[in-house]
Amino acid sequence: SDWSSDVCSSDLRITVKKTYRAIASTAFALTLAFSQTQAVTNSGNTQGAGIAEAIELYGKALPMKMDSLARTELLNQAESILKKVIEENPNSLEAHRKLMGVYLLKQDYSNGIRIMHHAITLSPEDPKLFISLAFLYEHSGALEYAEEMLDQAISLDPNQKTAKEYRTLIQSKMKSANMEQLHGGENPIDSDHGQLLPGSANTSH
């Protein structure tokens with residue numbers, strides 16, 4: 001039974017990783033490509049030109065290693081440009097989306113959450129914005145808030161498959177976290193396999 005538990009645990013982790021990648025792709029697509037044509041079309045004005053420049057910087061940073069100084073510099077430049085665009089055009093949903101993408105790549109979830117709240121005030125009927133906000137909340141450790149945002153997305157679009165699947169994943173993660181608390185920080189699946197040493201159960205997740 002230990003072996004079967006191990007296999008189930010392994011399969012679950014693989015599924016979770018695949019789902020995370022899918023959700024991440026959705027968020028990146030939302031910020032980078034969702035309205036890219038519109039940004040280029042509007043590039044005759046300062047707002048469009050700034051967004052187009054930020055997209056280019058973002059695109060260059062995307063494939064780079066996380067600890068790359070060049071990547072950090074590109075993202076900082078993109079952030080600065082988009083913040084200026086938003087300062088001059090506070091109702092630019094496009095700029096808010098792109099800035100959220102920059103914060104996502106920087107793993108600056110608190111600022112990402114802040115900017116997504118602003119975006120939602122501009123377009124409160126867009127379920128994709130709530131999904132992106134749930135993603136940011138989940139990565140900052142606020143699972144309950146993530147679930148609430150996904151509930152909002154589903155209420156706006158009951159056929160929103162991504163939101164439904166993601167909510168199921170979040171609910172499973174919340175149950176696992178509760179189980180770990182009940183078992184003194186240990187994952188009950190792993191505890192039988194000697195993977196946790198006594199006193200080493202202070203995990204960050």
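**Figure 1. The loop between α4 and α5, seen around N89.** In this predicted model, N89 is found in the loop between α4 (69-88) and α5, where helices (H or I, at least four residues) are DSSP runs numbered from the N terminus. With a relative accessibility of 23%, N89 counts as partly exposed, a class lying between buried, under 20% relative accessible area, and exposed, over 50%, as computed with a 1.4 Å probe on protein chains only. Although N89 and Q47 are 42 residues apart along the chain, their C-alpha atoms are separated by 7.3 Å. Residues are numbered from 1 along each chain as its sequence is written, and side-chain values use heavy atoms, with hydrogens and water left out. Because the model is predicted, local features need pLDDT of at least 70 and side-chain atom pairs count only at pLDDT 80 or more, whereas totals for chains, interfaces and linings use all residues.

**Figure 2. The packing of α3 against α5.** Two packed helices are described by the angle between their axes and the distance between the axes. Helix α3 (residues 46-61) packs with α5 at an angle of about 20°, and their axes are 11 Å apart; axes here are lines fitted to C-alpha atoms over the stretch in contact, with angles from 0 to 180 degrees between N-to-C directions. The two helices α3 and α5 are therefore roughly parallel to each other, a term for angles under 35 degrees, while those over 145 count as roughly antiparallel. Their crossing is left-handed, meaning that the near helix is turned anticlockwise from the far one by less than a right angle. From α3, the residues I51, I55 and Y58 meet E94, A95, K98, G101, V102 and L105 of α5, contact being heavy atoms within 4.5 Å. The residues of this contact of α3 with α5 divide into 6 nonpolar, 1 polar and 2 charged, where Ala, Val, Leu, Ile, Met, Phe, Trp, Tyr, Cys and Pro count as nonpolar, Asp, Glu, Lys and Arg as charged, and the others, Gly among them, as polar.

**Figure 3. The packing of α5 against α6.** The angle between α5 and α6 is about 160°, and their axes lie 9 Å apart. That makes α5 roughly antiparallel to α6, and α5 passes α6 in a left-handed crossing. On the α5 side the contact is made by L93, H96, L99, M100, Y103 and L104, and on the α6 side the residues include Y109, I115, M116 and L122. Those of the contact of α5 with α6 divide into 10 nonpolar, 4 polar and 1 charged.

**Figure 4. Q107, in the loop that joins α5 and α6.** Q107 is found in the loop between α5 and α6 (109-122). Its phi is near 60°, a positive value in a residue other than glycine. With a relative accessible area of 46%, Q107 is partly exposed.

**Figure 5. The packing of α5 against α7.** The axes of helix α5 (residues 93-106) and helix α7 (residues 127-139) come within 12 Å and cross at roughly 25°, and α5 and α7 are therefore roughly parallel to each other. The crossing of α5 and α7 is left-handed. L93, R97, M100 and L104 of α5 make the contact with L129, S132, F135 and L136 of α7.

**Figure 6. Confidence along the chain.** The protein chain averages a pLDDT of 77, and 68% of the residues score at least 70, pLDDT being the predictor's confidence in each residue, from 0 to 100. Over residues 188-205 pLDDT stays under 50, and the model has 21 contacts beyond four places in sequence for them.

Terms used: Parallel < 35°, antiparallel > 145°, perpendicular 65-115°, else oblique.
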